[in-house]
Amino acid sequence: MAVKKGTMVRAVRETLDNSLEASASDSRFPSYIFETKGEVVDLNGDYALIKFGQMPAPNVWLRIDQIEEFK
């Protein structure tokens with residue numbers, strides 16, 4: 001998937017569970033990152049900053065292989 005700013009995405013549970021990011025923080029990810037759409041607001045190397053705007057939630061950095069386009 002070609003990720004660019006403005007792309008609407010969601011997290012992929014299979015790639016996020018047991019990842020380095022999961023072991024480095026609380027592995028109880030909120031359900032909204034898998035169920036609702038977020039917007040890519042910035043890119044840095046292999047990571048994308050995702051903003052979930054439908055609710056008051058912090059922006060989240062995820063690896064590009066841990067997200068998929070929201071259809």
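**A walk through the predicted model**

Helices and strands here are DSSP runs, numbered from the N terminus: helices are H or I runs of at least four residues, and strands are E runs of at least two. This is a predicted model, in which local features need pLDDT of at least 70 and side-chain atom pairs count only at pLDDT 80 or more, while totals for chains, interfaces and linings use all residues. Residues are numbered from 1 along each chain as its sequence is written, and side-chain values use heavy atoms, with hydrogens and water left out.

Is Gln 66 buried or exposed? Gln 66 is buried, because its relative accessible area is 0%. The word buried stands for under 20% relative accessible area, exposed for over 50%, and partly exposed for what lies in between (1.4 Å probe, protein chains only). Leaving aside residues up to four places away in sequence, Gln 66 touches Arg 10, Ala 11, Val 12, Thr 15, Leu 16, Ser 19 and Glu 21. A contact of this kind means heavy atoms within 4.5 Å.

Now step back to the whole protein. Its secondary structure comes to three helices and five strands, and from the N terminus on the elements run β-α-α-α-β-β-β-β. The radius of gyration is 11 Å, close to the 11 Å that the globule rule gives for 71 residues, so the protein is as compact as a globular protein of that length. That radius is taken over C-alpha atoms, and the globule rule is 2.2 Å times the number of residues to the power 0.38. Taken along the principal axes, the C-alpha atoms fill a box of roughly 30 × 25 × 20 Å.

Buried residues make up 30% of the 71 residues. The accessible surface comes to about 4,700 Å², and 49% of this belongs to carbon and sulfur atoms; such areas come from the Shrake-Rupley method with a 1.4 Å probe, and for residues only the protein chains shown count as cover. Among contacts between residues at least 6 apart in sequence, 52% join residues at least 24 apart.

Thr 7 counts as buried because its relative accessible area is 10%. Its side chain reaches the backbone oxygen of Lys 4 at 2.8 Å. Not counting residues up to four places away in sequence, Thr 7 also touches Gly 38, Glu 39, Val 40 and Glu 69.

The aromatic rings come next. Rings of Phe, Tyr and Trp (its six-membered ring) pair if their centres lie within 6.5 Å; planes under 30 degrees apart count as stacked, over 60 as edge-to-face and the rest as tilted. How many aromatic pairs does this rule give? The count comes to two. Phe 29 and Phe 34 form an edge-to-face pair, with 6.4 Å from centre to centre and 85 degrees between the planes. Tyr 32 and Phe 52 also form an edge-to-face pair, at 5.3 Å centre to centre and 75 degrees between the planes. Tyr 32 lies in helix α3 (residues 32–35) and Phe 52 in the loop between β3 (47–51) and β4 (60–63), so this pair ties together parts that are 20 residues apart in sequence. Both Tyr 32 and Phe 52 are buried.

Phe 34 has another neighbour to look for. Arg 13 lies over the face of Phe 34, at 3.9 Å from the ring centre. A charge sits over a ring if NZ of Lys or CZ of Arg is within 6 Å of the ring centre and within 35 degrees of the ring normal. Phe 34 counts as buried because its relative accessibility is 9%.

Finally, visit some loops. Asn 18 lies between α1 (13–16) and α2 (20–24), and it counts as exposed because its relative accessibility is 82%. Most residues other than glycine have a negative phi. Asn 18, although not a glycine, has a positive phi of about 65 degrees. Ser 31 is in the loop between α2 and α3 and is partly exposed, with a relative accessible area of 40%. Gly 45 belongs to the loop between β2 (38–44) and β3, and at 63% relative accessibility it counts as exposed. Gly 45 and Ile 64 are 19 residues apart in sequence, and their C-alpha atoms are 9.0 Å apart in space.

Note on methods
Polar contact = N/O pair within 3.5 Å; in protein donor to acceptor, adjacent residues only side chain to side chain.
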